[in-house]
Amino acid sequence: MIYDASLDELLQKVWTGGRIDAAEAKRLYTLPLEELGALADRRRQLAKTPDFDGRGNEIVTYIVDRNINYTNVCNVYCKFCAFYRTEKEADAYVITLPELDKKIEETLACGGTQMLIQGGHHPKLTKQWYLDLLSHVKNKFPGFNIHGFSPSEFIHFREVFNEPLETLIQDFVKAGLGSIPGGGGEILVDRVRQRIAPLKAMSDDWLEVMDVAHRLGLASSATMMFGHVETVEDRIEHLERLRAQQDKSKGFTAFIAWTFQAEHTKLRAPTVGAHEYLRMQALSRIYLDNFKNVQSSWVTQGLEIGQVALKYGANDLGSIMLEENVVSQAGATFRMTVPDMHRLIQDLGLEPRQRNNWYQLVN
Ligand code: SF4
């Protein structure tokens, strides 16, 4: 093999924690998978070791929470979505407060600390409906975090309620909102969004919501759904936009990438396998040098690959998912219990610890 000094230099840079650019990312993407994985694992160690009194490198975290979808009524019709319904369909629903209470009580009984609440872009729910839901939960279940409403929902609220994002987010926080999930990020490249979800918030909108939320002191996560119409260059552009936003507003707690699930959706694409998933996750860990936490996506990849992903840059197994309705309708049906999570983590010689939304250890 011919010695390549520039590649050697790039590998050194990654090993020692340096920042890479898009061209370097593209080059890394072609490395043998194990080599890329080792670099991502090194970057996980560099990022995490200082945490938890210097034990961050030995600990893998997870959260016990529940995904609650308050409505499946949506007029955005994303081509990759199997979850939405029109108002007239027989199985269209809007959650009631007693239904919500029951789900929260079940979550608390399992040691859960929060709900992730998101829904379709319902054309008729009022702002007061959302505020009442939030204050009801906040008053009835103090201490239980409401991680809710993705940026595309806030863009929808801005349109239908005709109010600035700052006002909306402040009012939601006053009523009980605790943090914002990164749903709807998909690929933050508008030519991709135009093809898969032309009626949904575009890239600048998504980032604007995060910018405002971070400025108001809210933490949020960042996501990527890949393996549909996008190219590798688009994925890298997505990472670049997230990294630039994090440099600016510093409010992302974690990055989560998952692969497109095609069943019952209008979008046709070959399924992304474990090899490409791990490659992309490893590259993301290296590129997103200002993100502390990377979650593995066992929900779309299965328990074993979810475990392997912990050696490809991830330091967190995400949620136990007491309930999940969206990707399961598109074909991903993996389930995991707390003992399963502990076993997967301990089998790697690491220590499993429950965390809250802000990556603080629970118990
Ligand atoms: S992904 Fe969300 S916004 Fe898009 S159609 Fe489904 S529910 Fe609606």
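**Exercise 1. Determine the handedness with which helix 10 and helix 11 cross, and describe how the two helices pack.**

Solution. The crossing of helix 10 and helix 11 is right-handed, a term used when the near helix is turned clockwise from the far one by less than a right angle, anticlockwise being left-handed. This structure is a predicted model, in which local features need pLDDT of at least 70 and side-chain atom pairs count only at pLDDT 80 or more, while totals for chains, interfaces and linings use all residues. Residues are numbered from 1 along each chain as its sequence is written, and side-chain values use heavy atoms, with hydrogens and water left out.

Next comes the geometry. The axes are lines fitted to C-alpha atoms over the stretch in contact, and angles run from 0 to 180 degrees between N-to-C directions.

The last step is the contact, meaning heavy atoms within 4.5 Å. Ser203, Asp204, Trp206, Leu207, Asp211 and His214 of helix 10 meet Arg241, Leu242, Gln245, Lys248 and Ser249 of helix 11. Sorted by class, this contact of helix 10 with helix 11 holds 3 nonpolar, 4 polar and 4 charged residues, where Ala, Val, Leu, Ile, Met, Phe, Trp, Tyr, Cys and Pro count as nonpolar, Asp, Glu, Lys and Arg as charged, and the others, Gly among them, as polar.

**Exercise 2. Repeat the analysis for helix 5 and helix 6, which pack against each other.**

Solution. Helix 5 (residues 97-109) and helix 6 (residues 127-140) pack at about 40°, and their axes are 11 Å apart. Helix 5 and helix 6 are therefore oblique to each other, and helix 5 passes helix 6 in a right-handed crossing. Leu97, Leu100, Asp101, Ile104 and Glu105 from helix 5 meet Leu133, His136, Val137 and Lys140 from helix 6, and the residues of this contact divide into 5 nonpolar, 1 polar and 3 charged.

**Exercise 3. Is Asp190 buried, partly exposed or exposed, and what does Asp190 touch?**

Solution. Asp190 lies in helix 9, residues 190-196. At 32% relative accessibility, Asp190 counts as partly exposed, because buried means under 20% relative accessible area, exposed over 50%, and partly exposed in between (1.4 Å probe, protein chains only). Leaving aside residues up to four places away in sequence, Asp190 touches Met202 and Ser203.

**Exercise 4. Characterise the ring pair of Phe252 and Phe291, beginning with the place of Phe157 and Phe161 in the structure.**

Solution. Phe157 and Phe161 both lie in helix 7 (residues 151-161), 4 residues apart, about one turn of the helix. Phe157 is buried, with a relative accessible area of 1%, and Phe161, at 16%, also counts as buried. Phe252 and Phe291 form a stacked aromatic pair, 5.4 Å centre to centre with 15° between the planes; rings of Phe, Tyr and Trp (its six-membered ring) pair if their centres lie within 6.5 Å, and planes under 30 degrees apart count as stacked, over 60 as edge-to-face and the rest as tilted. Phe252 lies in strand 6 (residues 252-259) and Phe291 in the loop between helix 12 (274-287) and strand 7 (293-295), so the pair ties together parts 39 residues apart in sequence.

Notes:
Parallel < 35°, antiparallel > 145°, perpendicular 65-115°, else oblique.
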